[in-house]
Protein chains: 6
Amino acid sequence: MGGRVVRNIDRAAASVIDGLGHAGVATVHEAQGRIGLLASRMRPIYPNARIAGSAVTISAPPGDNWMVHVAIEQLQQGDILVLAPTSPCEDGYFGDLLATSAMARGCRGLVIDAGVRDVRDLTRMNFPVWSKAVFAQGTVKATLGSVNVPIVCAGAAIDPGDVIVADDDGVCVVKRAEAAAVLEKAQAREAAEESKRRRLAAGELGLDIYDMRGKLEAMGLRYE
Amino acid sequence: MGGRVVRNIDRAAASVIDGLGHAGVATVHEAQGRIGLLASRMRPIYPNARIAGSAVTISAPPGDNWMVHVAIEQLQQGDILVLAPTSPCEDGYFGDLLATSAMARGCRGLVIDAGVRDVRDLTRMNFPVWSKAVFAQGTVKATLGSVNVPIVCAGAAIDPGDVIVADDDGVCVVKRAEAAAVLEKAQAREAAEESKRRRLAAGELGLDIYDMRGKLEAMGLRYE
Amino acid sequence: MGGRVVRNIDRAAASVIDGLGHAGVATVHEAQGRIGLLASRMRPIYPNARIAGSAVTISAPPGDNWMVHVAIEQLQQGDILVLAPTSPCEDGYFGDLLATSAMARGCRGLVIDAGVRDVRDLTRMNFPVWSKAVFAQGTVKATLGSVNVPIVCAGAAIDPGDVIVADDDGVCVVKRAEAAAVLEKAQAREAAEESKRRRLAAGELGLDIYDMRGKLEAMGLRYE
Amino acid sequence: MGGRVVRNIDRAAASVIDGLGHAGVATVHEAQGRIGLLASRMRPIYPNARIAGSAVTISAPPGDNWMVHVAIEQLQQGDILVLAPTSPCEDGYFGDLLATSAMARGCRGLVIDAGVRDVRDLTRMNFPVWSKAVFAQGTVKATLGSVNVPIVCAGAAIDPGDVIVADDDGVCVVKRAEAAAVLEKAQAREAAEESKRRRLAAGELGLDIYDMRGKLEAMGLRYE
Amino acid sequence: MGGRVVRNIDRAAASVIDGLGHAGVATVHEAQGRIGLLASRMRPIYPNARIAGSAVTISAPPGDNWMVHVAIEQLQQGDILVLAPTSPCEDGYFGDLLATSAMARGCRGLVIDAGVRDVRDLTRMNFPVWSKAVFAQGTVKATLGSVNVPIVCAGAAIDPGDVIVADDDGVCVVKRAEAAAVLEKAQAREAAEESKRRRLAAGELGLDIYDMRGKLEAMGLRYE
Amino acid sequence: MGGRVVRNIDRAAASVIDGLGHAGVATVHEAQGRIGLLASRMRPIYPNARIAGSAVTISAPPGDNWMVHVAIEQLQQGDILVLAPTSPCEDGYFGDLLATSAMARGCRGLVIDAGVRDVRDLTRMNFPVWSKAVFAQGTVKATLGSVNVPIVCAGAAIDPGDVIVADDDGVCVVKRAEAAAVLEKAQAREAAEESKRRRLAAGELGLDIYDMRGKLEAMGLRYE
């Protein structure tokens, strides 16, 4: 029933985090074996944001944003707030005042499986948010939740300190311990894609580049 | 079953309406005690629109936009059309021709718990719409509805002449009789927020500004 | 169970296709008798795209984008890829590499009743997509589907070679054999609208322009 | 922000209420001009329940069922609890203990635009509930709401003391002041339907009974 | 825009229809290559109904059930009414009076991608309906639709005279011309399943019966 | 990307599991601090089922049920299959043949965040399933997933061997290591509820039993 705040969490190396952010959600998700995506309902409040950071997690009761204040104290430069309500809720837990406070602590953005408000201000402040709703509905401060405990956010299991990558394609989580290895694979993937992109742009077909024709025929594909 | 058009409705003072528009949805909704929001499915067709105006209400059958024509005659400078279908519907009741006509009558925008179309034209015309869908599906003109009767739109009870505030955060209704009082509270709220914003930007924590630590401890919050 | 690729499909005349694209979804849909719209969940990944082209259809298993590669070989200049999964799916079947390949073949865009990813890249490339989701979830290449067979996409029956029109209002299909006739009606409609637009902008009411007052009264509309 | 309990509410006559219950949702809704239905998401937890009663309304914060206890004290024999959360919520506000208490006060059932739990027990107790979800999620008792104030529940505006009719088809509200008149119309409707039912069962067509053929032809219906 | 009634449609042989009904939705759908299912939102109003029949199709405007009356005249013994609204709608197009009339004409049931009402009566009458909603919302009779034209219902393309199979698993359509061939495959499938069912019930594993172990190993499955 | 099968998993004691099953979802969920519920979309295919068992988990690709066969070999008496697709999917992964096989291995039921079919047969067999959809859509056997790995199913993190409790209220997971402690609390809760139930049935109010009047007054509740 909440009531816990974990103060010391481990984080991945800054260079690894930034590398994952550069690679972006689709590449990172592929690089780690097609896992870690949050549900597609998590959409950015404005286009062209792309961030990565360490998750400071919040488990919050429905319609109660008290724990956001508690979490902000736990933020370090480069962190991302990640909030999962304990039951489905789309209230606007977060607006421009909390964003001002979070930015002052070095926070890079918010991922919230609920609502957000003041989105015009947040856009102006360049504070990116991925949420399931934009909704002005206010919240109370009456019941405890927890900070920096394991949560499930939009269908993904997230531990505090895990690396969050978010861009126009959505949000992906990378387990902290695997972040460096995933980055390597992501970079390899990017390199490999580059040559393919050039060949495809020149008009070569994926059917040939990936050598699919034989397998398709063996599976029974017939041209008419 | 419809068939009524109320011609004379009372409106709030223009200065009050404009003040509420300036305050915006989130602030107004808080100022009146966290009530009056329309459901979060009501989204603007383009960003950065912010309006307030008096509701000219429309109760329309599913897939029948006849009453929109009737309502436009009832518009006065500064009004907002608010349409609720009598059963759930996402047809495109409204497009650029109706917007042209409504604008000619001084209409500031449309709030519709259904669909809208010609959104590129509407954007170009700077005629803002909050709707639950963008959908080109055409409508007929075969069955009566009513204009300027009480409606429930996207979960909110709206009387003709109530003040509608709409921006990127969604849509909020303020009862006409309470509009002046709500504006006062909204402005007080904005003033109070300003000083808090400065303190939060300087790195102070909400935990301290709002004096929450004692209450959190009393509730049993434990740091680990 | 798939496994068919139809190579030779008939297409409408380029001038007809381009004319329909110029008219846009709402007008074309009205011109052909209010039919042909895909469901409103089909939204563009960026605003202000407006295209028309011949449908190259794909019936694909859930989470399997193998047939997209097969379909790209069948593309001709001016075509649009139209993908319907064989059961509901929001995986990201399509990203920047496939778009690079499709563009190299002259493809004008993608309509997909599933997910799309790399939307920032696609936006930069000016490759428009209408989809029901933005989702980075990767797909496999393990099971056959079909290319250029009749499909139902987002509620609309689409045959290969049908004309697809897509813009900010959504997506509409025009049967190939009726495309020229629909274009004529669409153009007539546009012309008729122009004069109405001027009259409405000047303050005339639809009630008068469309001569509705008598019929409304006969139906029982009462003013209070 | 809640905090009000209205103790004395007016109710319709018991015989009127019971008559409306006997007529059922579809007939009552038609009799009053096709208004008053709650949204179709409101489904009964078991089949074959059919009740009518006076609304004791509850406006409750998300995930907080404190006000249900307050409302139960206000119940009189024949009442129905009607709960609307102040923002969308599907938590299980109500289970077998509250039902036991409500039944002891003469309550006939619950209409809740949120969740309910212990549905096996409620079924066994023959305490009917119409809800938007079955969900065991527990609630807290930390924030005030209101009892016997006007609410919007599942899209319908409901005042305390209004008559609620609920059966397998859903839920309908009848304004208290109009209940007697609606009952009369409902009974007239039932009588009229009876003779039509016999004629239809004997094979006569609605086309003939309702004399539709001429009007259809005039509208342009063509047989092929 | 509707207005057509096709009077003479071809139907499959009664014995084929009944055979498909006996096989049921899941088997028939598999037998014809995993195609033909209507969307999963189509649910029966009561359990244990299982029917098959020839589709008499209805394309109806939103909230307008006039064409149902027209369609009933076209019914023959063993037919099933299949209604698709021209835009998404959940109004209750159909209730006990129409069911009485349809039954008198030999109709076996209704498939409707919209709402139905009087479900308690329909259950008592043993008239099965598969719908996307139960909703009492009444409809008007003001606008033409069409009867016995091709429709898309809940995502499936249906021609008049196609065979509809419906049971607790949902609804499936079989093209009339393929009905006999599909029945043969369905019956072969049923026979094959029977022996597998006995082996599985005796504790044999699908891994062995279907000889999967080698392929799984080749694909890289590893046991830990 | 899958491909792992863990053969030896730890399970809770049978008596603990059965005790939790007897307590039911709502009580168990409360006893462990209001955590562990799966999303409310998980509904039973027939009423009055109540089971508990050890989770044998399946992570399966969309539309591919190959791993169900692999998982069945890992079942022990008293286990429950728990399947989460790697991306949202409602295909019918499971029907009567697989149920026959699972029952032969002692399986008590299935929890699947996707579709199920043959529900009439499953009901007859008394094999309970909690799913997000009933859908006949068939699946393929082409891509590997994993068995007995940690999964997130319908929003809940589930490890193999965790205790699953499921009844008419939905599904709850109890961590294996905490199962005994949760059972104790659940039983204490049940005992405490019994005396309250008697008092409430006798007409005492929760306001008095739980001593709420003072706190409500302090919070500002006012009676009118």
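In the predicted model, helix 6 of chain C (residues 179-201) comprises 23 residues and reaches 32 Å from its first C-alpha to its last, close to the 33 Å expected at 1.5 Å a residue. The buried positions of this helix are C:Ala179, C:Val182, C:Leu183, C:Ala186, C:Glu193 and C:Leu200. These buried residues pack against helix 4 (96-104) of chain B. Within chain C, their packing partners are helix 1 (14-23), helix 2 (25-31), strand 10 (163-167), strand 11 (170-174) and helix 7 (206-209). Just after helix 6 of chain C, C:Gly203 adopts a positive phi of about 105°.

In chain A, strand 10 (residues 163-167) pairs with strand 11 in the antiparallel sense over 5 bridges, and a hairpin through 2 residues joins the two strands. One of the pairings places A:Val171 of strand 11 as the bridge partner of A:Ala166. Strand 11 of chain A (residues 170-174) is mostly covered, with 5 of its 5 residues buried. In a regular strand, side chains alternate between the two faces of the sheet. Both faces of strand 11 of chain A are covered: A:Gly170, A:Cys172 and A:Val174 are buried on one side, and A:Val171 and A:Val173 on the other.

Regarding the relation between copies, chain E is superposed on chain B by a rotation of 180° with 0.0 Å of shift along the axis, at an RMSD of 0.0 Å. The two copies are therefore related as by a two-fold rotation axis. The same surface serves both copies, as 100% of the contact residues of chain E recur in chain B.

As to confidence, the model scores ipTM 0.96 and pTM 0.97. Chain A has a mean pLDDT of 97, with 100% of its residues reaching 70 or more.

Technical notes. Residues are numbered from 1 along each chain as its sequence is written. Chains are lettered from A and ligands numbered from 1 in the order in which they are written. This is a predicted model: local features need pLDDT of at least 70, side-chain atom pairs count only at pLDDT 80 or more; totals for chains, interfaces and linings use all residues. Side-chain values use heavy atoms; hydrogens and water are left out. Helices (H or I, at least four residues) and strands (E, at least two) are DSSP runs, numbered from the N terminus. The expected span of a helix is 1.5 Å times one less than its number of residues. Buried means under 20% relative accessible area, exposed over 50%, partly exposed in between (1.4 Å probe, protein chains only). Contact means heavy atoms within 4.5 Å. Copies are superposed by least squares on the C-alpha atoms of residues with pLDDT of at least 70 in both. pLDDT is the predictor's confidence in each residue, from 0 to 100. Two strands pair if DSSP finds at least two bridges between them.
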